[in-house]
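Subject: Structure handover

Hello,

Here is the structure I promised to pass on. Please open it first, then read my notes below.

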Amino acid sequence: MSDPREPIIRFDHASFGFPGLIALKDISLAIYEGEFVGVIGPNGSGKTTLCRAVLGLLPPIEGHLRIFDCACDELRCHHRAKIGYLPQKGVVDRNFPVTVLETVMMGRYGALGLFKRPGRKDHDIALEALVQVGMESHKDNALGQLSGGQQQRVFIARALAQQPKVLILDEPTTGLDITTQHNVIELVQHLHDELKLTVLLITHDINMIRSRVDRLVLLKTRLFAAAPPAEVLKPEILHQVYGKELVIAEKDLVIVEDYHHHH
Amino acid sequence: MLDLLAYDFMQRSLLAAAMVGGLCSVIGVFVVLRGLAFVGAGTSHAAFAGVALGYLMGWPPLLLAIVFGLATVWITGWVEERGRMKLDVSIGILYTTTMALGILFIGLMKTYNAEVYGYLFGSVLSVTPEELHTIGALSVLVLGLLLLFAKELYFIAFDQEMAEASGVPARQIFFLLLTLVALTVVISLKTVGAILVFAMILIPASTAYQLTHSLTALTLYSATIGILTSVSGVMISALWDVPSGPAIVLLATTVFFISVFLSPKRLRRLHLVHSN
């Protein structure tokens, strides 16, 4: 079925990695403006590679990737500034001597371009981003003094300060307690609804997102599915990717052998 | 002590020390935050090999120091970017190779050359007016570029990939930082010497790191500590007739240990441990 909308990101038979070490192979996928897409798959399935590709950091070795109707290797700085990114936890040094507001202000640097100093307007945008994630009262605190969940909120605010069209979150709930995980996902949902952002959320936690996303993208080096959750979360499809028999049991997704073991 | 300040050589030395101290401590902030500490050490030894080759061949030593310093940082940056080798391994190899070259060039000179050793150990009290002009011009260039690209430099120090993903030309800024580190090392050779310049880059920024959580404050504290310890070190050197390089570095190290002891971060951690 063809979609009348123009995709904001389009993979066309695109492969990524190095010759002999392919991380993603023959991906054809279109992501439309305003979509909330969950990206799932086992460890090493190419989820982060997909994320780096959409950031324009990894050109395809075969096929094509177009972002905002630009080939990804033609992506200019002002295009990149339109993609907000929350990297995996642990990538950034959380003890870096920086305040919350200084961290969020970094989100303005790409959009500002070289030689320009952040002004009052950038300051206001950064403060507004902190308000959107509920962290404005912490603006002068050191980033390292915050809890894991608060730091994730600050990094989301940094991405929002770019005033992005697309928000990419790479496993934003890893290492957080259940309540905080829920709050972070709630925040992402809220931002998607309020700001009409296109969201790509990479996660292992299928239960947390399946009722929220428009589509799930299921990866294991190849693209196994890109469809609404109900069509993707079928035992026969999941078995191909995870190598175990998985079913939706009542509300939750469980591994069948573990389910039998516990009951 | 005031009598000393009347001498031209002393005025030149203090000015050179202030410029080098300020410059090293400002670039040191980015070196410490980006984790390039070992690059500073490797570059200073490479630059010294350039100086030694300059004296051996009768070529301008500072020019060759710049060539050797830049070649070292660029090769190191290129190797890291390609993911071929870890940064500390590649700089370790270049560090020892260029030091071996430096010793070889000195050996080939056959006669003792006190000026070469001046670059190894530092001799700020013998800075000439021409050298002061060179230090001044290069300091203005490096500080100007640091100021111009400060926001991008902070961002790549925080997270280079995130900076690139946000639209900052991170790769070019990283090579700019490496280039500025090499230039700073060369500018500082005469003042603190190849062995100790690394300390002047590292210690003031590490001292400031103990005292603040803010990037802006970190840079201002580091510059203040760098300038004050360098100028005070030169005064101590002149008053007590001790070598200037070690006087500056040992003074800076003393301030560093005091800052560790009085660090608000450390005191807060202690408070948290006791309150638990």
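Start with two strands in chain A. Strand β4 (residues 62-67) and β5(A) pair in the antiparallel sense, over two bridges. At one of the pairings, A:I67 has A:C70 of β5(A) as its bridge partner. Keep in mind that this is a predicted model.

Both strands belong to an open sheet of four strands in chain A. The order is β2-β1-β4-β5, and the pairing is antiparallel. The edge strands are β2 (21-32) and β5 (70-71) of chain A, each of which pairs on one side only. As background, strands of a sheet pair through backbone hydrogen bonds, either parallel or antiparallel.

Chain A has another open sheet, built from six strands. Its order is β6-β7-β8-β3-β9-β10, and here the pairing is mixed. Which strands stand at the edges? They are β6 and β10 (222-227) of chain A. Each has a single partner strand, so one side of each is left without a neighbour in the sheet. Neighbouring strands of this sheet are turned by 15° against each other on average, direction ignored.

Now look at β6(A). This strand pairs with β7 (residues 166-170) of chain A in the parallel sense, over four bridges. The bridge partner of A:I83 is A:V166, and that of A:G84 is A:L167. Are the faces of β6 (residues 83-86) of chain A covered or uncovered? Both are covered. A:I83 and A:Y85 are buried on one side, and A:G84 and A:L86 are buried on the other. Helix α5 (residues 148-160) of chain A lies across β6 and β7 of chain A, and runs at about 165° to β6(A). Helix α9 (residues 235-242) of chain A also packs on the sheet, where it touches β9 (215-220) and β10 of chain A. The direction of this helix makes about 150° with that of β10(A).

Next, the place where the chains meet. Contacts link 21 residues of chain B with 26 residues of chain A. On the chain B side, α8 (150-158), α9 (160-165) and α11 (215-240) each supply at least two residues. That side divides into 11 nonpolar, five polar and five charged residues.

Is α8(B) largely enclosed or largely open? Eight of its nine residues are buried, so α8(B) is largely enclosed by the rest of the structure. Among the buried ones are B:L153, B:Y154 and B:F155. Their cover includes α3 (100-112) of chain A. From chain B it includes α2 (8-34), α7 (129-148), α9, α10 (170-211) and α11.

Then take α7(B). This helix has 20 residues and reaches 28 Å from its first C-alpha to its last, close to the 28 Å expected at 1.5 Å a residue. An α-helix has 3.6 residues a turn, so residues three or four places apart point the same way.

Last, find B:T98 in helix α5 (residues 87-108) of chain B. B:T98 is buried, with 24 other C-beta atoms within 10 Å. Beyond its neighbours within four places in sequence, B:T98 is in contact with B:H45, B:A46, B:A49, B:F68 and B:T72.

Best wishes

Technical notes:
Residues numbered from 1 in each chain as written. Chains lettered and ligands numbered in written order. Predicted model: local features only at pLDDT ≥ 70, side-chain atom pairs only at ≥ 80, totals over all residues. Contact = placed C-beta atoms within 7 Å. Nonpolar A, V, L, I, M, F, W, Y, C, P; charged D, E, K, R; others polar. Buried ≥ 20, exposed ≤ 12 C-beta atoms within 10 Å, placed from the backbone. Expected span 1.5 Å × (residues − 1). Pairing = 2+ DSSP bridges. Axes fitted to C-alpha atoms, helices over the stretch in contact; angles between N-to-C directions.
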